Amino acid sequence: MHNRGLIYLIISVVCFFIASSCNTEKRLQKAEVLLASKGRLAEICADRFPPKDSVVYRDSVHFDTLYEGIYSIDTIYDKDTVKVYLTLPAKIVTKEVIRYRDIYRENTAKVNELENKLSVCNSQSTNCSIELVKLKAESSKWEKLAKQRWWFLWILLVVAGLITFRKSIMKLISRFILPWT
């Protein structure tokens with residue numbers, strides 16, 4: 001009977017921890033709702049991440065040329081002289097300057113978040129490159145060892161073949177060498 005009470009106590013403690021584990025998230029959600037209803041959430045974000053404004057001024061210049069009047073050519077004959085009068089129209093040039101002011105607002109909260117993500121990615125990249133160097137060194141070591149074992153195996157096979165077929169090899173050698181000596 002005493003063990004049954006202990007088991008109920010353990011089960012109730014485990015249930016309490018499971019039920020209270022989500023409590024901090026619920027508190028945070030309640031605090032967000034409370035701050036949003038009072039209009040303080042935006043103010044806190046603005047204080048923590050103030051916006052950066054960049055103002056860029058630029059000009060656009062446009063020239064327009066108009067001719068006022070008509071071309072007129074007058075020819076006057078005076079005895080033996082011909083006089084030609086050429087009248088050109090008046091030239092009117094208008095210069096139009098348009099000034100633009102562009103305002104770029106930087107979202108500093110997003111910039112801060114992206115900088116944090118970039119630093120995490122850079123650290124992961126550094127760790128991966130260090131791990132890659134270690135693995136390449138280990139791979140070259142194992143490759144060298146495999147090559148040594150391969151040559152050792154060939155030498156061992158040649159020696160075993162020589163030992164196995166030594167009598168037949170000696171007969172061949174003696175058969176070819178003895179007739180000439």
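Helices (H or I, at least four residues) and strands (E, at least two) are DSSP runs, numbered from the N terminus. With that in hand, here are some notes for a first look.

1. **What you are looking at.** This is a predicted model, in which local features need pLDDT of at least 70 and side-chain atom pairs count only at pLDDT 80 or more, while totals for chains, interfaces and linings use all residues. Residues are numbered from 1 along each chain as its sequence is written, and side-chain values use heavy atoms, with hydrogens and water left out.

2. **Overall layout.** The chain holds five helices and four strands. Reading from the N terminus, the order of elements is α-α-α-β-β-β-β-α-α.

3. **Overall dimensions.** The radius of gyration of the chain is 48 Å, whereas a compact globule of 181 residues would be near 16 Å. (The radius is taken over C-alpha atoms, and the globule rule is 2.2 Å times the number of residues to the power 0.38.) The C-alpha trace spans about 140 × 105 × 20 Å along its principal axes.

4. The areas come from the Shrake-Rupley method with a 1.4 Å probe, and for residues only the protein chains shown count as cover.

5. A salt bridge is a side-chain nitrogen of Lys or Arg within 4 Å of a carboxyl oxygen of Asp or Glu. By this rule there are three. One of them joins Arg 58 to Asp 102, with the closest N and O atoms 2.9 Å apart. This pair links distant parts of the chain, as Arg 58 is in strand S1 (residues 52-68) and Asp 102 is in strand S4 (residues 90-106), 44 residues apart. Arg 58 is partly exposed at 42% relative accessibility. Another salt bridge brings together Arg 99 and Asp 59 at 3.7 Å, N to O. Arg 99 belongs to strand S4 and Asp 59 to strand S1, so this pair ties together parts that are 40 residues apart in sequence. Arg 99 is exposed at 65%, and Asp 59 is partly exposed at 48%.

6. **A salt bridge within a helix.** Lys 117 pairs with Glu 113, their closest N and O atoms being 3.5 Å apart. The two are four residues apart in helix H4 (residues 108-164), which means that about one helical turn separates them. Lys 117 is partly exposed at 47% relative accessible area, as is Glu 113 at 36%.

7. **The nonpolar patch.** Patches are made of residues with over 30% relative accessible area and no salt bridge; like charges are joined within 9 Å, and nonpolar side chains (Val, Leu, Ile, Met, Phe, Trp, Tyr) within 5 Å. Tyr 71, Ile 73, Tyr 77, Val 82, Val 84, Leu 86 and Leu 88 make a nonpolar surface patch of about 840 Å². At least two of its residues come from each of strand S2 (72-78) and strand S3 (81-87), and S3 gives the largest share, three residues. Leu 88 sits in the loop between S3 and S4 and is exposed at 56% relative accessibility.

8. **The positive patch.** Arg 166, Lys 167, Lys 171 and Arg 175 gather on the surface as a patch of positive charge. Lys and Arg count as positive and Asp and Glu as negative, with His and the chain ends not counted; the place of a charge is NZ of Lys, CZ of Arg, CG of Asp or CD of Glu. Lys 171 lies in helix H5 (residues 166-177) and is exposed, with a relative accessible area of 56%.

How values were computed. Buried means under 20% relative accessible area, exposed over 50%, partly exposed in between (1.4 Å probe, protein chains only).
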